[in-house]
Every structure is written in structure tokens, then in C-alpha cells.
Amino acid sequence: MSKIRDKVRTPAILAVVLLPLLAAFTTGPRAEQKGLKPASELALLMREMTAFTDSTRHRLERGDDLLPYPTGFAAMHTATPTDGKLDIDRAAFDAFAVHYLAQVKALYDAPAGDRMSTFNATVQACANCHTVACPGPLVRIKKLYVLLPLEPSK
Ligand code: HEC
């Protein structure tokens, strides 16, 4: 009986001794990661655009009004990217940005009945630039489309 207990106790004691050691080793790199450079201006703006798009999608699904017009998004053209350089030609980036901003304007100009489809065109404009400039967030972007109600069959 007591032998069995000893067998159980030894690994338990080892765990108690070793776990804090392990923890000490594993927090090292994590602490370093926290010290990494902060997100770029462009990355922060993108996060804001993502939150805006997600929030707008929910509003449209609930039939709520649009958020105030996001005038700040025009700063895409001047916001500093990570490491100060884009992974895409500046002229191409600006063309995609102009297109995205035009889609946002079209959403606010659209009659209420066309908001879902014009909203999806703004998401498509995110995806267009990302396919070329930075494919990582495409997974996230694809989840932002609003599902259009099906046309009643005739
Ligand atoms: C004109 C091109 C362009 C358009 C349009 C665009 N993006 Fe981006 N996006 C980028 C680039 C370039 C980066 C990388 C920024 C950096 O590293 O500084 C980025 C970064 C991101 C990131 C990562 C941010 C982070 O935390 O590092 C997300 C998420 C994102 N975009 C989502 C979106 C969404 C959603 C839209 C549409 C509402 C959008 N993007 C429209 C070019 C674009």
C-alpha cells in the first residue's frame, strides 16, 4: 500500500520541483515578445477598419443604422507600414486604397435596400488589396461578408 503511494508521490514531487523551472524557461521568450516593436500606424488603422467592418456587418444583419462615416480611413494613404515599407508597389497600394474608399462612400450613398450588397463590395475591396499586398488576413476578411437574403424563387 505504502509502496504504491511512494510510486505516486515521486512523480508528484518531481512535478512540483520541475514545473516552476519549466515555467521560468518558457516565460523568457514570451517576455521578450512583449518587448517587440509596436504595431505600425497602418496595422493599427487596419485593425480599426476590421472592427468597423465587423460592427457594420452586425448592424446590417440586425437592420440597424450605419455607423458615423469613417473619415479617418483616408489616412491609409499616409500611415506608416511595418518597417516603413509596403510589400506592394506604392502606386498599386494607392489604387487599391482609392477603390476601397470609393466602395465605403458607395455604401453610405446607397439606398437602404442596397446596403448589404454595397457592404460586401467594401469587403471585396479589402480582399483585392490583400490578395496582392498581404495575404495573411484574408482568412479573417472572408468572414466579414454579410450573407445576402436569398431572392424569392419565381
Ligand atoms: C490598399 C490595400 C489594403 C486595403 C484596401 C486593406 N488592407 Fe488590410 N493591410 C494592408 C497592408 C499593406 C497591411 C500590412 C500593414 C503593416 O504591416 O503595417 C494590412 C494589414 C491588415 C491586417 C493586419 C493588422 C495587424 O494587426 O497587423 C488586417 C486584419 C487587415 N489588414 C484587414 C483589412 C480589412 C478588414 C480591410 C477592409 C476593411 C483591409 N484590411 C483593407 C493593405 C490593405
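1. **The exposed side of α2.** R47, A51, H58 and R62 are exposed. They sit on the other side of α2 from M46, T53, T56 and R57, which are buried. A residue counts as buried if 20 or more other C-beta atoms lie within 10 Å of its own, as exposed if 12 or fewer do, and as partly exposed in between; C-beta atoms are placed from the backbone. Helices here are DSSP runs of H or I with at least four residues, strands are E runs of at least two, and both are numbered from the N terminus.

2. **Basis of the model.** This is a predicted model: local features need pLDDT of at least 70, side-chain atom pairs count only at pLDDT 80 or more, and totals for chains, interfaces and linings use all residues. Residues are numbered from 1 along each chain as its sequence is written.

3. **The buried side of α2.** Back to M46, T53, T56 and R57, the buried residues of α2. They cover an arc of only 105 degrees around the axis, so they lie on the same side of α2. The arc is taken from the directions that run from the helix axis to the C-beta atoms. The cover over these buried residues includes α4. Contact here means that the C-beta atoms of two residues, placed from the backbone, lie within 7 Å.

4. **Length and end of α2.** How far should the 22 residues of α2 span at 1.5 Å a residue? The answer is 32 Å, and the end C-alpha atoms are 32 Å apart, which agrees. The expected span is 1.5 Å times one less than the number of residues in the helix. G63 follows α2, and its phi is positive, near 80 degrees.

5. **Overall make-up.** The protein has 5 helices and 0 strands. Along the sequence the pattern is α-α-α-α-α. Of its 154 residues, 10% are buried. Take the contacts between residues at least 6 apart in sequence: 62% of them join residues at least 24 apart.

6. **The largest nonpolar core.** Which residues form the largest nonpolar core? There are 9: F93, F96, Y100, V104, L107, F119, V123, A125 and C126. α3 and α4 each supply at least two residues of this core. The largest share, 5 residues, comes from α3. Such a core is a set of buried Ala, Val, Leu, Ile, Met, Phe, Trp, Tyr and Cys residues joined through C-beta atoms within 7 Å.

7. **Helix α4.** The 19 residues of α4 should span 27 Å at 1.5 Å a residue, and the end C-alpha atoms are 27 Å apart, which agrees. F119, T122, V123, A125 and C126 are the buried residues of α4. Seen down the axis, they fall within an arc of 140 degrees, so they line one face of the helix. These buried residues pack against α2, α3 and α5.

8. **F96.** F96 belongs to helix α3. Is F96 buried or exposed? F96 is buried, because 20 other C-beta atoms lie within 10 Å. Leaving aside its neighbours within four places in sequence, F96 is in contact with N128 and C129. F96 and V132 are 36 residues apart in sequence, and their C-alpha atoms are 9.7 Å apart in space.

9. **The ligand shell.** 26 residues surround the ligand, and the closest are M46, T82, F96, C126 and C129. A residue is in this shell if its C-beta atom, placed from the backbone, lies within 6 Å of the molecule. The elements that give two or more residues are α2 (41-62), α3 (90-109), α4 (115-133) and α5 (138-142). The largest share, 7 residues, comes from α2. By type, the shell divides into 19 nonpolar, 5 polar and 2 charged residues. Nonpolar means Ala, Val, Leu, Ile, Met, Phe, Trp, Tyr, Cys and Pro; charged means Asp, Glu, Lys and Arg; the others, Gly among them, count as polar.

10. **The loop between α2 and α3.** Y69 lies in this loop. Y69 is exposed, because 11 other C-beta atoms lie within 10 Å. Y69 and Y108 are 39 residues apart in sequence, yet 7.5 Å apart in space, C-alpha to C-alpha. D83 has its place in the loop between α2 and α3 too. With 9 C-beta neighbours inside 10 Å, D83 counts as exposed.

11. **The backbone at D83.** What is the phi of D83? It is near 60 degrees, a positive value in a residue other than glycine. Most residues other than glycine have a negative phi.
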